[in-house]
Amino acid sequence: MIDRKDLESSIVEIYHKHYLDVFRFLICFSGNQNDAEDLTQEVFIRVLKNLPNFKEGNNLKTWIFSIAKHVAVDHYRKKKFTAVFKEGFFTQLESKDKKPDEEVEISEMEQMVHAAISKLKPKYRAVVILRGINECSIKETSEILQCSESKVKVDYHRALKDLKGKLNIGVEGVLTNVK
């Protein structure tokens with residue numbers, strides 16, 4: 001519930017609730033922590049500007065992700081699709097006290113996934129990030145991408161098939177290691 005009389009408090013609450021999900025989506029999409037931070041800020045500026053126009057009854061999370069998708073696509077267009085998923089995304093992830101050989105193995109796997117995802121078509125990349133990494137439902141993904149649920153299913157299936165081909169291993173196991 002959005003308190004339209006106290007928008008500042010509402011945006012602070014919304015920011016704290018959705019910041020991490022939006023940031024995670026944008027870091028996967030941009031491949032750069034600094035860009036993701038800037039884009040996340042841009043998302044919440046747009047949320048703040050458009051919050052008075054948000055229709056009660058709609059899903060706030062999908063509305064915010066829809067804005068994030070547009071911000072990411074705008075950024076993607078500005079960079080002309082050349083700098084997406086630069087080296088460094090997966091190295092920015094924190095270590096979880098694994099043995100060195102496990103860390104190397106995971107790092108190599110992440111780099112393979114990183115490279116494979118970066119080679120996907122943008123529409124496939126978005127659906128893989130939303131469904132496979134951010135664990136959005138089919139309905140949420142369709143609302144964020146503004147397409148039908150069947151298109152999400154088809155694109156996700158094709159994207160996983162494409163990823164599987166690029167990786168030459170089981171995709172589901174790889175995607176669980178990406179988080």
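# Why these names? Contacts in a predicted model

Tutor: Six salt bridges are counted here, a salt bridge being a side-chain nitrogen of Lys or Arg within 4 Å of a carboxyl oxygen of Asp or Glu. The model is predicted, so local features need pLDDT of at least 70 and side-chain atom pairs count only at pLDDT 80 or more, while totals for chains, interfaces and linings use all residues. Residues are numbered from 1 along each chain as its sequence is written, and side-chain values use heavy atoms, leaving out hydrogens and water.

Student: What makes Asp 74 and Arg 46 a salt bridge?

Tutor: Their closest N and O atoms are 3.5 Å apart. The limit is 4 Å, so the pair qualifies. The two residues link distant parts of the chain: Asp 74 lies in helix H3 (residues 60–78), Arg 46 in helix H2 (residues 33–50), 28 residues apart. Helices here are DSSP runs of H or I with at least four residues, numbered from the N terminus.

Student: Why is Asp 74 called partly exposed?

Tutor: Its relative accessibility is 27%. Buried means under 20% relative accessible area, exposed over 50%, and partly exposed in between (1.4 Å probe, protein chains only). So Asp 74 is partly exposed. Arg 46, at 25%, is partly exposed as well.

Student: How do you know that Glu 140 and Lys 61 form a salt bridge?

Tutor: The N to O distance is 3.8 Å. That falls within the limit, so they count. Glu 140 sits in helix H6 (residues 138–145) and Lys 61 in helix H3, 79 residues apart.

Student: Is Glu 140 buried or exposed?

Tutor: Glu 140 has a relative accessible area of 17%, so it is buried. Lys 61, at 22%, is partly exposed.

Student: How many aromatic pairs are there?

Tutor: The count is five. Rings of Phe, Tyr and Trp (its six-membered ring) pair if their centres lie within 6.5 Å; planes under 30 degrees apart are stacked, over 60 edge-to-face, the rest tilted.

Student: Why are Tyr 19 and Phe 23 called stacked?

Tutor: Their centres are 5.8 Å apart, and their planes meet at 15 degrees, so the pair is stacked. They are four residues apart in helix H1 (residues 7–30), about one helical turn.

Student: What makes Phe 54 and Trp 63 tilted?

Tutor: The centres are 4.9 Å apart, with 50 degrees between the planes.
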